[in-house]
Amino acid sequence: MSTNEGFVLQSAPHAHGRSSIPFIMHAVNLSLIPAIVISILYFGWHILGLYVLGVASCVLTEAVTKVIRKKDWRTIFDGSAIVTGLLLVMILPPSITPIMVILGSVVSIFIGKEVFGGLGQNVFNPALVGRAFLSAAYPVALTTWTEPNRVFAFLPDAASSATPLAGARFEGQAESMLRMFFGQTSGSIGATSVLFIMIGGLVLTFMGIVKWRMLVSFFGTIVVTTGIFWLIDPTIYQDPLYHLLAGGVAFAGFYMMSDMVTTPYTNRGIVIFGVGAGLITVVIRLFGGFPEGVMFAILLMNSVTPIINRYVNNRVFGAEART
Amino acid sequence: MLASRIRGGVHPAYRKELASGQPIETAPTPERVDIPLAQHLGVPATAKVARGDEVAPGDLIGEATKLICANVHSPVAGKVRAVVQKPLPGGRLCDYVEIQVDREATDAHIWERQDIDLDKIDQKWVAATLRGAGIVGMGGATFPTDVKFSPPPNASLDTLILNGAECEPYLSCDHRMMVEHAEELLHGMLLADAAFAFSRLVIAIEKNKPDAIAAFNAAIDALGLRNAARTPVEVIGLDVRYPQGAEKVLIKVVTGRTVPAGKLPFEVGVVVSNGQTLFALYEAAYFGKPLVDRVVTVSGEGIERPKNIRALIGTPVADLIQLCGGVDPATTKVIAGGPMTGTALPSLDYVVTKGLSGLLFLTQSEYPSESPCIRCGSCVEVCPMGLMPLKLAAYAKAGKFELAKATNLADCFECGSCAWACPANIQIVSWIKYAKNYIRVKGL
């Protein structure tokens, strides 16, 4: 037997699981389809154009930046720029202009990701960086909301559900909750429909891409803290279910806080992040100058994630008995 | 008794079906054997023969000179051609004793059965038998077994676990040994029990080997071990999960005890032994036969007929390949051991050693390069030791060896779960080994 040279020499392990960065990113992209489809139905076909524009701008920005930095531009195929493009459009108002989408995308990828060194290096969630930039640059456009088309006929529309009767107050609220659950309410393009976000989000949770501890700690914190205020005075404070369904909480929980790069990686770190983001969200919502606080909550927690990762370590097997 | 679930771990593609149904086949005596004197963890043995010496089966050719060291014996009758230095697959230089085999004399040799009075053997006798026969951990770690069975005076051993997890993909040599030689393995355990008077004898097998579990239950009945007066022998079926067979992991699962970081299992009163190791003890005790052969799984998509082969130590890999019908030209990687922890071989110029559990021919065509870490935490989640593999890899890459050391580098036993799970394909174990080697060689 001759000596057969040319075998691959590599350290163990010589087997690898199915997971890869493109696999994770494309799983996220595919899981967004229900929420994307319903957002087009709610706000019109031009929304589809905005998605295409956002994704194309993000991918192009990444490619151009990589070429300028003399790095491999083929990282655009890892799917992460597509995720950023989709998420950015989904958290903008339906009346957003194409030029704002392009600007936001460029800022998301360039300032949000590439200046840090690209995927894996960034501190802040790129899509939120883009949105924060747009809300500073175009404060009016970013707070202008349009009513969605009536997609689900069985849901009462907003106008008819208003009733002067005190006895119907509870019923009216239940109907408004139901509308929020289906997303037939004004809000960001892709973040209104809790139901359709959950369809994709729970698939990701089952796959382990969205961490269930993050969901439980974030949603749990919001329910508990808003619940306390609601119990203190229900005439001033909304009930916990409202806080869970309203605004961007569901979307943020499933899709913004599942960005692995900008959130902690230990189980305890994840819980700290979820609780922290939940508390900040509630504080801004109840006492701050903005009606919605999720974006700032996540950006703030992003900034402390490196510290969490540094100091929150797992317990090493047998370490307590180390001498 | 129900075993608990291991911490972390992964489910690699097992591919055991390739070889697990193949009964053990004995390889013909080779024309030549090349026997490395460093087949074990620790200091290499010292050559006791020189060019031109005649040897008989069982003759000592390499002597253990230190505690963490093992004797090496000639598996054949023949004449020493040379004692030369050659690199082991890992790159370390090692003395090899090359023997021209007298096949007739070798095949004519018979290991005579000798009688043993189980009541008279003690701990010293077991340790001496193990040491004399050059027995090392045959699951792949190759730690000298006599050291495991020599607890310090203040420690006492109460549990013996036969490690039948065989959690590495592809490998089935232990599986076949358990199915075909359950009684002999039990005799190995009873020998140890006679000396140590354990309170528990446990045979721990992953549930994907039901025939091995059945074989042990039958053997326990056949030997009349279900007797209240005897040490109870338990056969435990473990949920399939890698790295179940890692010593500390297995002890935790079977006994609930945690071996302190940086310590050996006798700290918690447990000895874990691979099945083939106990078989070697049985043969050494009842036949005076040193460790001169073992069962190797030859498998993988790149080998014509996967098999489990009993081969003499020093048998060339080429002989095993011939017995298995040849190698597919699509083979890109050859591995000594299992795919999770084994060593990639640079060429087929290698031999059967005491620790060679498998010889795998893999046809994987793509070897993707490393992407940036996205801090997904997969490695953290699967680490059975609760380490932070991504930090260790990053510190090693950055040359921050002090930080790596302070982040419990030494507690990693290199099971490979982290690198297996890493979506960025980072060679985490490689980086960890690099840091360990750097610290070992250059100090801090």
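Author: The model is a predicted one. Chain A is divided into domain 1, residues 19–206, and domain 2, residues 210–306. The centres of domain 1 and domain 2 of chain A, taken over C-alpha atoms, are separated by 18 Å.

Reader: How do you know that domain 1 of chain A and domain 2 of chain A are in contact?

Author: Two residues are in contact if their C-beta atoms, placed from the backbone, lie within 7 Å. On that criterion, 24 residues of domain 1 of chain A are in contact with 24 residues of domain 2 of chain A.

Reader: Which elements give two or more residues to the side of domain 1 of chain A that touches domain 2, and what is its make-up by class?

Author: The elements are α4 (80–90), α6 (126–137), α8 (169–182) and α9 (194–207) of chain A. The largest share, six residues, comes from α9(A). By class, this side of domain 1 of chain A has 16 nonpolar, seven polar and one charged residues.

Reader: What makes α2(A) oblique to α3(A)?

Author: Helix α2 of chain A spans residues 33–43, helix α3 of chain A spans residues 46–68, and their axes come within 7 Å and cross at roughly 135°. Angles under 35 degrees count as roughly parallel, those over 145 as roughly antiparallel, those from 65 to 115 as roughly perpendicular, and the rest as oblique. The crossing at roughly 135° therefore makes α2(A) oblique to α3(A).

Reader: Which residues make that contact, and to which classes do they belong?

Author: From α2(A) come I36(A), S39(A), I40(A) and F43(A), and from α3(A) come I47(A), L48(A) and Y51(A). The contact of α2(A) with α3(A) has six nonpolar residues, one polar residue and no charged residues.

Reader: Why is I280(A) called buried?

Author: A residue is buried if 20 or more other C-beta atoms lie within 10 Å of its own. I280(A) has 20 C-beta neighbours inside 10 Å and therefore counts as buried. I280(A) lies in helix α13 of chain A, residues 267–287. Leaving aside residues up to four places away in sequence, I280(A) touches G293(A), F296(A), A297(A) and L300(A).

Reader: How do you know that the radius of gyration of chain B agrees with that of a compact globule?

Author: With 444 residues, a compact globule would have a radius of gyration near 22 Å; the value for chain B is 21 Å, so the two agree. Along the principal axes, the C-alpha atoms of chain B fill a box of roughly 60 × 55 × 45 Å. Of the 444 residues of chain B, 57% count as buried. The secondary structure of chain B comes to 14 helices and 17 strands.

Reader: How is chain B divided into domains, and how many residues join them?

Author: Domain 1 of chain B covers 113–287 and domain 2 covers 378–442. Their C-alpha centres lie 30 Å apart. Six residues of domain 1 of chain B are in contact with six residues of domain 2 of chain B. The side of domain 1 of chain B in this contact has five nonpolar, one polar and no charged residues.

Reader: How many residues of chain A are in contact with chain B?

Author: There are 37 residues of chain A in contact with 56 residues of chain B. The side of chain A that touches chain B divides into 18 nonpolar, 16 polar and three charged residues.

Methods: Residues numbered from 1 in each chain as written. Chains lettered and ligands numbered in written order. Predicted model: local features only at pLDDT ≥ 70, side-chain atom pairs only at ≥ 80, totals over all residues. Axes fitted to C-alpha atoms, helices over the stretch in contact; angles between N-to-C directions. Helix = DSSP H or I, 4+ residues; strand = E, 2+ residues; numbered from the N terminus. Nonpolar A, V, L, I, M, F, W, Y, C, P; charged D, E, K, R; others polar. Rg over C-alpha atoms; globule rule 2.2 N^0.38 Å. Buried ≥ 20, exposed ≤ 12 C-beta atoms within 10 Å, placed from the backbone. Domains from an automatic or database assignment.
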